[in-house]
Amino acid sequence: MGAISQTNVNFVGSHCGCSIGEDGPSQMGLEDIAMFRTIPGSTIFYPSDAVSTERAVELAANTKGVCFIRTSRPNTCVIYDNEEPFTIGRGKVVRQKSSDEVLLIGAGITLYECLAAADQLEKNCITVRVIDPFTVKPLDAELIIEHGKQCGGRVVVVEDHYQQGGLGEAVLSALAGERNFVVKHLYVPTVPRSGPPSVLIDMFGISARHVVNAVNEILKD
């Protein structure tokens, strides 16, 4: 009804994904992106650090319609400078080299798992590019297509969300009309359980270890 009546309203979801840990599955928002993506005219922010979160709040306050900011409960390192500009519908390339063979896309805590995986892979002489989408809706499809092509059309998307309706399906939709792309999608496959965040992230297949495995698999295809 808010969307139909063109209401300006902002929501923030902080208990998202299995990374919240010990509070258990009853408190884990794993379908929130899907729910807000279906609302017409909605905007979905998925910041990854303190700087991008502050910018997301500022942008949401000045954006018409329904806005949802998906924040993360675990502490995350600051990766952006205080003056880094952010724009709705524009992602960020946070790691890249000319030799990159696979494009990794992560948001929130999975962005850091992608960066950790990139460090591990580089020890084996495999370099990967990492993108932070910042907004899931609208998604920066142009950025993903451009850098995906530069990485041989190989893409791995990692998200702390169920398979349906989240970041992975947004990326798959963006690439649906493109040729010569292959996408591996890592997501939370079942209802999680209570436990330490790092244990749950690994148990449900979205940790750096699983990202490394996905990269190795996609390079073999």
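## Salt bridge exercises

The structure holds 12 salt bridges. Keep in mind that this is a predicted model. Let's work through a few of them.

**Exercise 1.** Work out whether lysine 92 and glutamate 84, which pair in a salt bridge, are buried or partly exposed.

*Solution.* Start with the contact: the closest N and O atoms of lysine 92 and glutamate 84 are 2.8 Å apart. Next, look at accessibility. Buried means under 20% relative accessible area. Lysine 92 comes in at 15%, so it counts as buried. Glutamate 84 has 22%, so it is partly exposed.

**Exercise 2.** Find which parts of the chain the salt bridge between arginine 95 and glutamate 122 ties together.

*Solution.* First, the closest N and O atoms of this pair are 2.5 Å apart. Now place each partner: arginine 95 sits in strand β4 (residues 92–95), glutamate 122 in helix α3 (residues 109–122), so the bridge ties together parts 27 residues apart in sequence. As for accessibility, arginine 95 is partly exposed at 22%, and glutamate 122 is partly exposed at 28%. Finally, zoom out: Arg95 and Glu122 belong to a network of salt bridges with Lys97 and Asp119.

Definitions and conventions:
Residues are numbered from 1 along each chain as its sequence is written. This is a predicted model: local features need pLDDT of at least 70, side-chain atom pairs count only at pLDDT 80 or more; totals for chains, interfaces and linings use all residues. Side-chain values use heavy atoms; hydrogens and water are left out. A salt bridge is a side-chain nitrogen of Lys or Arg within 4 Å of a carboxyl oxygen of Asp or Glu. Buried means under 20% relative accessible area, exposed over 50%, partly exposed in between (1.4 Å probe, protein chains only). Helices (H or I, at least four residues) and strands (E, at least two) are DSSP runs, numbered from the N terminus.
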